[in-house]
Amino acid sequence: MKNLLDMAMLALNHVQGDPLNPTAREDLVKYLINCETWTHYEIMIFYNFIFDVETVIVIQKRLIRVISRYDNLRLYGSEPFRTLVKITMFYLEHGKVLEALESLMDLRGFDIQEEFLFERTMYKFVAGETYTITNTNRIKAIDDALNIFQAAGSTHQVNRLVDHIKLVVKANQFHNDDFDALIEKWGGTP
């Protein structure tokens, strides 16, 4: 019950534009770090209340340790994999490329089923983006991932990913003509 109250407090803070309640934030972080087995509940807490880079680094290490015990509740996708993709994207948005590369190594260790198209496409996207930021041009992989989402009718996902690219470019003070062309191609302004 305490977790629900903490989540409600943080959600209210966010909606009202107030600073996050430090006690509620700290209690949720402690809970996530100390939780022996992550379920869908813990992953949703993490998804909705990502705090700062240092906290994410600690929680990621914990998540990697307990991930083998995570019982996937969905037959159509991998929540742990999606969580690590989100962590990788979070790192890139905060200019933490080394941490993003380490997350990619964790993602490579997953055995993703052939039919998990979303996971495979997101890996292609985030790996392409991370390697391009580190000066190994993988623009084609990013473009291919966006094309897959577009072909599947996921325009909202395409728009979110293009917005994400803009944040990554800004956070990393990265300039690349190919990135600019890719953003323009997908309807954005670099």
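## Buried, exposed and in between

A residue is called buried when its relative accessible area is under 20%, exposed when it is over 50%, and partly exposed in between. Asp163, with a relative accessible area of 42%, is therefore partly exposed. Keep these words in mind while looking at the structure, which is a predicted model.

## The chain as a whole

Welcome to a chain built from helices: its secondary structure comes to 10 helices and zero strands. Of its 190 residues, 45% count as buried. The chain exposes about 10,300 Å², and carbon and sulfur atoms supply 54% of that area.

Contacts also reach across the sequence. Among those between residues at least 6 apart, 62% join residues at least 24 apart.

Helix 6 covers residues 97–108, which makes 12 residues. From its first C-alpha to its last it reaches 17 Å, close to the 16 Å expected at 1.5 Å a residue.

Which residues of helix 6 are buried? They are Val97, Ala100, Ser103, Leu104 and Leu107. Seen down the helix axis, the buried residues of helix 6 fall within an arc of 110°, so they line one face of the helix.

## Thr132 and its surroundings

Now move along to helix 7 (residues 117–133), where Thr132 is found. Thr132 has a relative accessible area of 1% and is buried. Leaving aside neighbours within four places in sequence, Thr132 is in contact with Asn137, Arg138, Ile139, Ile142, Phe174, Asn176 and Phe179.

## Salt bridges

Side chains of opposite charge can pair when their charged atoms come close. How many salt bridges does a search of the whole structure find? The search finds seven.

In helix 8 (residues 139–151), Asp144 and Lys140 sit four residues apart, about one turn of the helix. The two form a salt bridge, with their closest N and O atoms 3.1 Å apart. Lys140 is exposed, at 59% relative accessible area, whereas Asp144 is partly exposed, at 24%. Another salt bridge joins the side chains of Asp143 and Lys185 (2.9 Å, N to O). Asp143 lies in helix 8 and Lys185 in helix 10 (residues 177–185), so this pair ties together parts that are 42 residues apart in sequence. Asp143 counts as buried, at 15% relative accessibility.

In helix 9 (residues 155–171), Lys166 and Asp163 are separated by about one helical turn because they are three residues apart. Their salt bridge has its closest N and O atoms 4.0 Å apart. Like Asp163, Lys166 counts as partly exposed, at 29% relative accessibility. Elsewhere, salt bridges that share partners join Lys2, Asp6 and Asp27 into one network.

Technical notes
Residues are numbered from 1 along each chain as its sequence is written. This is a predicted model: local features need pLDDT of at least 70, side-chain atom pairs count only at pLDDT 80 or more; totals for chains, interfaces and linings use all residues. Side-chain values use heavy atoms; hydrogens and water are left out. Helices (H or I, at least four residues) and strands (E, at least two) are DSSP runs, numbered from the N terminus. The expected span of a helix is 1.5 Å times one less than its number of residues. Buried means under 20% relative accessible area, exposed over 50%, partly exposed in between (1.4 Å probe, protein chains only). The arc is that of the directions from the helix axis to the C-beta atoms. Contact means heavy atoms within 4.5 Å. Accessible areas come from the Shrake-Rupley method with a 1.4 Å probe; for residues, only the protein chains shown count as cover.
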